[in-house]
Amino acid sequence: MYLLNQQLQFPPVDTATEEGLLAIGGDLTPERLLLAYRSGIFPWFNEGDPIYWWSPNPRFVLLPGELRVSQSMEQLLRKDQFQFTTDKAFTEVIKNCREVYRKGQGGSTWITDEMITAYTQLHQMGFAHSAESWKDDKLVGGLYGVRMGNIFFGESMFSRESNASKFAFIKYVQQLQKENVQLVDCQLHTDHLESLGAHMMSRDLFKFYLEKYA
């Protein structure tokens, strides 16, 4: 396994394990994170562990033009049940993503204080963004991720009310499509995102998108 040091570099992504693990160590400086995303790599590790860097093959992605919106969500989008904003509450969104219970995680979280600090820095630099769902002026759902050029790398979502995160995701993808974003990276498969049109993409094709649009 490749161990990172203070040098700003990663091994070739095709050296990752079958599970997608590429390297261990390093840091979460903005420079390293931006290099990672540009290379098709993302950090994912539990609190107390070293930093694990991943580049799975295939990759789970969504092409904005292939977004699937169910009839029930179409109806919800037409109602005034939720209000949609972007970049209005980045820190609140990422902290909610950390705190929300996720089945199978046993109460653990990979969104550590170090991660929050790092992505808040990226937000202040204009790279990390959030999308929010509000109800009665209360934040009830949202997501955050990193945008480089015309690629958006989704990181995490949360929901405090039924369909609140799905509402934010759909509205944001529709906005990104208008802004000419070509690909939304969802990283790893979830049934939730598959129902919205996400699918697997080979690493080679994913790298093509990165080289052309990131």
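# A chat about the chain

Visitor: Where is Asp 185 found?
Guide: Asp 185 is found in strand β10, which covers residues 183-187. Keep in mind that this is a predicted model.

Visitor: Is Asp 185 buried or exposed?
Guide: Asp 185 is buried, and its relative accessible area is 0%. The cut-off for buried is under 20%.

Visitor: Which residues is Asp 185 in contact with?
Guide: Neighbours within four places in sequence aside, Asp 185 is in contact with Arg 59, Phe 60, Val 61, Phe 152, Phe 153, Gly 154 and Phe 206.

Visitor: And which backbone nitrogen lies 2.9 Å from a polar atom of its side chain, the one on Asp 185?
Guide: The backbone nitrogen of Gln 187 has that distance to a polar atom of the Asp 185 side chain.

Visitor: Let's step back. How many helices and strands are in the chain?
Guide: The chain has 7 helices and 11 strands. Its radius of gyration is 17 Å, close to the 17 Å given by the globule rule for 214 residues, so the chain is as compact as a globular protein of that length.

Visitor: What box do the C-alpha atoms fill?
Guide: Along the principal axes, the C-alpha atoms of the chain fill a box of roughly 50 × 35 × 35 Å.

Visitor: What share of the residues is buried?
Guide: Of the 214 residues in the chain, 50% are buried. The accessible surface comes to about 10500 Å², and carbon and sulfur atoms account for 46% of that surface.

Visitor: What about contacts between residues at least 6 apart in sequence? What percentage of those join residues at least 24 apart?
Guide: The figure is 70% for the chain.

Visitor: How many charges are there, positive and negative?
Guide: The chain has 21 positive and 26 negative charges, and the mean positions of the two sets are 5 Å apart.

Visitor: New topic, the backbone. Which residues does the cis peptide bond with omega of about 5 degrees join?
Guide: That cis bond joins Asn 57 and Pro 58. Pro 58 is in the loop between β4 (52-54) and β5 (59-62).

Visitor: Then what is the phi of Asp 137?
Guide: Asp 137 has a positive phi of about 65 degrees, and it is not a glycine. Asp 137 sits in the loop between β7 (128-135) and β8 (138-148).

Visitor: Is Asp 137 buried or exposed?
Guide: Asp 137 is exposed, with a relative accessible area of 75%.

Visitor: And Asn 163, what is its phi?
Guide: Phi of Asn 163 is positive, near 75 degrees, and Asn 163 is likewise a residue other than glycine. Asn 163 belongs to the loop between β9 (151-159) and α5 (164-178). With a relative accessible area of 30%, Asn 163 is partly exposed.

Visitor: What about Ser 165, where is its place?
Guide: Ser 165 is in helix α5. Ser 165 is buried, at a relative accessible area of 10%.

Visitor: What is the relative accessible area of Leu 35?
Guide: Leu 35 also lies in helix α1. The relative accessible area of Leu 35 is 24%, which means Leu 35 is partly exposed.

Visitor: Which residues is Leu 35 in contact with?
Guide: Leu 35 is in contact with Leu 8, Gln 9 and Phe 10, leaving aside neighbours within four places in sequence. Leu 21 is 14 residues from Leu 35 along the chain, and their C-alpha atoms are separated by 17 Å.

Visitor: Last one. Where does Ala 89 lie?
Guide: Ala 89 lies in the loop between β6 (83-86) and α3 (90-99). Ala 89 is buried, with a relative accessible area of 4%. Not counting residues up to four places away in sequence, Ala 89 touches Ser 130, Glu 132 and Trp 134.

Visitor: How far is Ala 131 from Ala 89 in space?
Guide: The two are 8.2 Å apart from C-alpha to C-alpha, and 42 residues apart in sequence.

Conventions: Residues numbered from 1 in each chain as written. Predicted model: local features only at pLDDT ≥ 70, side-chain atom pairs only at ≥ 80, totals over all residues. Heavy atoms only, no water. Helix = DSSP H or I, 4+ residues; strand = E, 2+ residues; numbered from the N terminus. Rg over C-alpha atoms; globule rule 2.2 N^0.38 Å. Buried < 20%, exposed > 50% of the residue type's maximum accessible area, 1.4 Å probe, protein only. Contact = heavy atoms within 4.5 Å. Areas by Shrake-Rupley, 256 points an atom, 1.4 Å probe, with all protein chains shown as cover. Lys, Arg positive; Asp, Glu negative; His and termini not counted. Charge placed at Lys NZ, Arg CZ, Asp CG, Glu CD. Polar contact = N/O pair within 3.5 Å; in protein donor to acceptor, adjacent residues only side chain to side chain.
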